[in-house]
Every structure is written in structure tokens, then in C-alpha cells.
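Keep the structure open as you read.

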Amino acid sequence: MIIKFYLKAFTLFSVILFLTVISNCSQNHFARKLSSNMSVPTNQLHNKILSHHAKQFISYENMIHQLSQSDIIFLGEKHNDKETHHLQLKIFQSIYKQDSNVILALEMFDRDIQPFLDNYVSNRITKKIFLIHSRPWINYQSDYDPLIEFAKTKQIKVLAMNTPRAILRKLIRFGKKILATLSPKEKKYVSNNVNFNDPDYKRYFFKSLPKKHPMRAKLKKRLLTASILK
């Protein structure tokens, strides 16, 4: 997620532009459906950008121009898709050229490692120390490191966005009641305003689980709660 933060503004407004970047999609079910609906051959969808708002394909330059008008930009991803990460870096660099006053926010880092993230981006600690304390994902070096290194080079603020894993493990083990027993330090890493009853997210989450998984209903509900809090 890229946040354009205007220091003169007292309120941060968000304008979300929904865009689908389609790559290597000749075997993708969505691409086939899109091809049928828009009467476009599937093999012509490679690296096309579809604007949900305009309901038509747009150029990369047009996308960047539109994104640069927004305060908050959400970039979705498949965590293990290298091409997606390559596009994220490209978009991040392009947005920076439009407006250097940006912040990069990453889901992959837990909030409790923010001091190490700050110190690394500010050149106060080495990469070795940073990686020891930041619990990076297994594909960090190939997929996320380029984003952090670009931010480090340009001295861009980077935010760790996730609720720490230790808190999520407690939630999965003991249920939502555990939130009331968190220490003051732990509570700083948890959002004060969480909607645990969003029907759309609940439907999406349970649909994503394997249909024949032998998981108990109680555990499924706790996993849902942990996913929302995360």
C-alpha cells in the first residue's frame, strides 16, 4: 500500500482506484471470462490494465496519472507471484516520481518490528540486524527487499501494518475474549476499531477455505477473527 501523505492536510482522505493488472493470463479463468464479456481474444489481454471505473483498458501512464491523484493506493498481490511484486516496485517508483512525499505500508511486517524498520531505512542498523529482528517472510529477499531498498535509498517512511503473530496465535487458541487480557504494550499493536461482523468478508473468508477440510467450526470462527484483526 502506498500512502501519499500531505502534511498540510489535517484529514487523510482516501480515494481508491480499482485497477486490474493482467499478466500471463491466457490460462486464467478471470481472463477467459473477461475476454468473453469484452469480446477481446484472451491472448490479447497479456499485460493489459483494466480500469474498473472507466470499464476499459488504459495505458500504464494513464494509470499512474490517475493513481497520483489519490491519497491512498492499495496494491493487491499474490504473495508468491514474482511478477506481481515486480509491478508493485515499478508502480511505487513511478508514483514517487510524481510526488516524493509518499509512505510505503507493507502487510508482511508486524507492527512490533517498526523500530527496526525505522532504524534500517534510516541507516542506523545493518541489514543483518534488521533481518534477524524483523521476521521477514521466506520470499522477502527476492520479492520485498527491492521495495525496502528503494525506500531506503530515497529515505521514504515504511510502515509495518500487521497485528503481531504472537497476538494472533493467542486469539486462535483462546478466542476473542483474549483481547481484553492483552498487556498495554500488546494493545498498542491492535486496532481500536475492528468490525468483526462484516458479512462480505466472512463469506469471502469461508469460501477461501478448502471445502473438505476437517477443521472444527469453532476453529474456523477463530481463524476468521484472527484474519480480520490482522
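The crossing of H7 and H10 is right-handed. A crossing is right-handed if the near helix is turned clockwise from the far one by less than a right angle, and left-handed if anticlockwise. Helices (H or I, at least four residues) are DSSP runs, numbered from the N terminus.

This is a predicted model: local features need pLDDT of at least 70, side-chain atom pairs count only at pLDDT 80 or more, and totals for chains, interfaces and linings use all residues. Residues are numbered from 1 along each chain as its sequence is written, and side-chain values use heavy atoms, with hydrogens and water left out.

H7 spans residues 165-174 and H10 spans residues 217-229. They pack at about 155°, with axes 8 Å apart. Axes are lines fitted to C-alpha atoms, for helices over the stretch in contact, and angles run from 0 to 180 degrees between N-to-C directions. H7 and H10 are therefore roughly antiparallel (over 145 degrees; under 35 is roughly parallel). On H7, the contact (heavy atoms within 4.5 Å) includes Ile-167, Leu-168 and Leu-171. On H10, Leu-219, Arg-222 and Leu-223 are among the residues involved.

Now the second pair. H3 (residues 82-98) and H6 (residues 140-154) pack at about 15°, with axes 8 Å apart. H3 and H6 are therefore roughly parallel. Their crossing is right-handed. The H3 side includes His-85, Leu-89 and Phe-92. The H6 side includes Tyr-144, Leu-147 and Phe-150.

Conventions. Helix = DSSP H or I, 4+ residues; strand = E, 2+ residues; numbered from the N terminus. Parallel < 35°, antiparallel > 145°, perpendicular 65-115°, else oblique.
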